[in-house]
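Reader: I would like to learn how to read packed helices and paired charges in a model of this kind. Could we work through some cases together?
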Amino acid sequence: GPSIPGGLKPATVKHKAKEEKPNRAQQRKKNHPPDANTSLSASHGGLVIEMKELLQVLKQTTDTDKLVNSCLRLTDLFSRHEELQLQLVSNHGLLPLIGLLNHDSSAVVNSALRLISRIIEEPAVHVSLCLLGIINAIADLTPHTTQLLTRLYIAHFLQRTAESPDTFQMFVACGGLTLLAELLAESFDDNGRDLVVIAIDSIGAIMRNLRRQGITPKNEYFQLFIRCDFVPHLTTALLHFCKEKKELIDAGNWTDSAEQSLFMVDSYIAECCMLLRKFALGDGEVRKAMCVPQVLDAMVQILGFVDVHSRDAMSLLLMLRSLSLESECLKPLGVVIQPVLHLALGLVRQGEFIKDVFTPVATLLSHLCRLSRSRQEIAARHGLLDLLSFVMAQDVALKEFVVPLLCDLASSAPVVRTILLDNDGLNIYLNLLTDSTLVSCSHEILAAVASCMENERPRSEPILLAPERVFMITTVIATAPDHVMLRILDSLHKILGSPNVNHAFGSWRGSDGLVGVLTSKL
């Protein structure tokens, strides 16, 4: 993770051990409660006096050099004697420190921020600072500073405040999400990448706090994130990480440093994908806010970078599937049809079936393409039929999504039907009629056959004249449930519109011929 100048380092989300057992500051709190001033003063008399003298400087002087020197000396003092930090609360040293953030001198501000970064390691001091309004002071400071050093100190404070279970709700209440969004929007150039990384770690920490505490519905937090334009910034950051990964791989420089960089980039790609997947679980308003051009245009590029075997690809596909559940998202989501098909067809060509990939792909395409001729055409031109045929052959459970979509193609635009018949689509339909797992869909499949016959008779008629096909369709009608007979009769009327086909069906006499079957059914 990015380092903070002055020897301090932000605690990123990777350091989960700190959440699982009491840290040293918490243990000190137990051993030296805030009201233990008398015993502490007795054992650290000289140090406490020194601290009080330095605090007096912060309270009484406006001299820049003296303020900077006092902050630096306090930082050094607390680094060597961490147990003294609680004395700041009892000696009213926090408000003067917060006040320094309004100072005109950037040197004073930075020295104060460095001291703050030191003392917030003590939970009681951290909470007291937040209660005294430091988050608002940081918010007031942020728009007026461009110095990277200052912004790194601010980012460190925001991260620690967002990740602490004791302070994250105050952080949100005081507009902290807006501050994180500003960090996330930083350019990857000019050293802004470290700020973006801190913002991503902070968002992940907030999500974990939500999961642990469950106080406020997550959807309300998602809406707060959306209002701050988090998702566009997060998607842009993900695209940058994907490009960075490709550059590292293409360079082929497999030093320890390069491998460490690649590992870090991979971890942030995974974190971004996971966050996007969680956001997509929000309500309709959250989902609609995610389907804006900035997000989806970046997503088209991102899908071209991810490895189809990776958890990242699966997270993104699940995210897109969740978005497709919102009807108002279907039209803008049309831009992902081509890259999603390209991703999945790579597995089709290798004959490799990965259920965790094809399940979200099949359901996503079903939602996007059903009842939309324009999206059906896009999908058909980019290999939809190959995908559907492969999935049907591999997974029975997915047929409930695949077969209705496949049947829709027969009544789609002429160009789609042409692609369908060029890929032996009519025989695919007829073979589906013999599938015992699809009896409930037989009327839909027969309707697709009828549509091909009605709209593409010269190409369809020779196939339907084959005796085995006549027998197959007659058998389907004979075994069809009564409640779908009206739909089946409508399809049969279209099929028999061809004199040649009509004659072929009529020439089959007896109780198992079409006439005998219809007589018994009606």
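Author: Let us start with a definition: a salt bridge is a side-chain nitrogen of Lys or Arg within 4 Å of a carboxyl oxygen of Asp or Glu. Please keep in mind throughout that this is a predicted model.

Reader: What do the side chains of Arg160 and Glu163 form where they meet?

Author: The general idea is that side chains of opposite charge can pair when their charged atoms come close. In this structure the side chains of Arg160 and Glu163 form a salt bridge, with 2.8 Å from N to O. Both residues belong to helix H11, residues 148-163, where they are three residues apart, about one turn of the helix.

Reader: Are Arg160 and Glu163 buried or exposed?

Author: The cut-off to apply is that buried means under 20% relative accessible area. Arg160 has a relative accessible area of 12% and is therefore buried, and Glu163, at 15%, counts as buried too.

Reader: Which residues are linked with Arg160 and Glu163 in a network of salt bridges?

Author: Glu121 joins them, so that Glu121, Arg160 and Glu163 are linked in a network of salt bridges. For the model as a whole, the count by this rule comes to 18 salt bridges.

Reader: What else can be read from helix H11, for instance at Thr150?

Author: Thr150 is found in helix H11, and with a relative accessible area of 3% Thr150 is buried. When neighbours within four places in sequence are left aside, Thr150 is in contact with Val109, Asn110, Leu113 and Thr145.

Reader: Where do the partners Asp408 and Arg370 lie, and how many residues apart in sequence are the parts they tie together?

Author: Asp408 forms a salt bridge with Arg370, and the closest N and O atoms are 2.9 Å apart. Asp408 lies in helix H26, residues 399-408, whereas Arg370 lies in the loop between helix H23 (355-369) and helix H24 (373-381), so the pair ties together parts that are 38 residues apart in sequence. As for accessibility, Asp408 is buried at a relative accessible area of 14%, while Arg370, at 31%, counts as partly exposed.

Reader: How should I read the pair Lys494 and Asp490?

Author: The side chains of Lys494 and Asp490 meet in a salt bridge, at 3.8 Å from N to O. Both lie in helix H32, residues 485-495, four residues apart, about one turn of the helix. Lys494 is partly exposed, with a relative accessible area of 31%, and Asp490 is partly exposed as well, with 41%.

Reader: Turning to helix packing, at what angle do H22 and H25 pack, and how far apart are their axes?

Author: In general, two packed helices are described by the angle between their axes and the distance between the axes. Helix H22, residues 337-350, packs with helix H25, residues 384-394, at an angle of about 50 degrees, and their axes are 10 Å apart. That angle makes H22 oblique to H25, and the crossing of the two helices is left-handed.

Reader: Which residues meet in that packing of H22 with H25?

Author: From H22 come Leu341, Ala344, Leu345 and Val348, which meet Leu384, Asp386, Leu387 and Phe390 in H25. Sorted by class, the contact of H22 with H25 has seven nonpolar, no polar and one charged residues.

Reader: How are H26 and H29 packed, and is their crossing left-handed or right-handed?

Author: H26, the helix that holds Asp408, packs with helix H29, residues 442-455, at an angle of about 25 degrees, with the axes 9 Å apart. That makes H26 roughly parallel to H29, and H26 passes H29 in a left-handed crossing. The contact is made by Val403, Pro404 and Cys407 of H26 together with Glu444, Ile445 and Ala448 of H29. These residues divide into five nonpolar, no polar and one charged.

Technical notes:
Residues are numbered from 1 along each chain as its sequence is written. This is a predicted model: local features need pLDDT of at least 70, side-chain atom pairs count only at pLDDT 80 or more; totals for chains, interfaces and linings use all residues. Side-chain values use heavy atoms; hydrogens and water are left out. Axes are lines fitted to C-alpha atoms, for helices over the stretch in contact, and angles run from 0 to 180 degrees between N-to-C directions. Angles under 35 degrees count as roughly parallel, over 145 as roughly antiparallel, 65 to 115 as roughly perpendicular and the rest as oblique. A crossing is left-handed if the near helix is turned anticlockwise from the far one by less than a right angle, and right-handed if clockwise. Contact means heavy atoms within 4.5 Å. Ala, Val, Leu, Ile, Met, Phe, Trp, Tyr, Cys and Pro count as nonpolar, Asp, Glu, Lys and Arg as charged, and the others, Gly among them, as polar. Buried means under 20% relative accessible area, exposed over 50%, partly exposed in between (1.4 Å probe, protein chains only).
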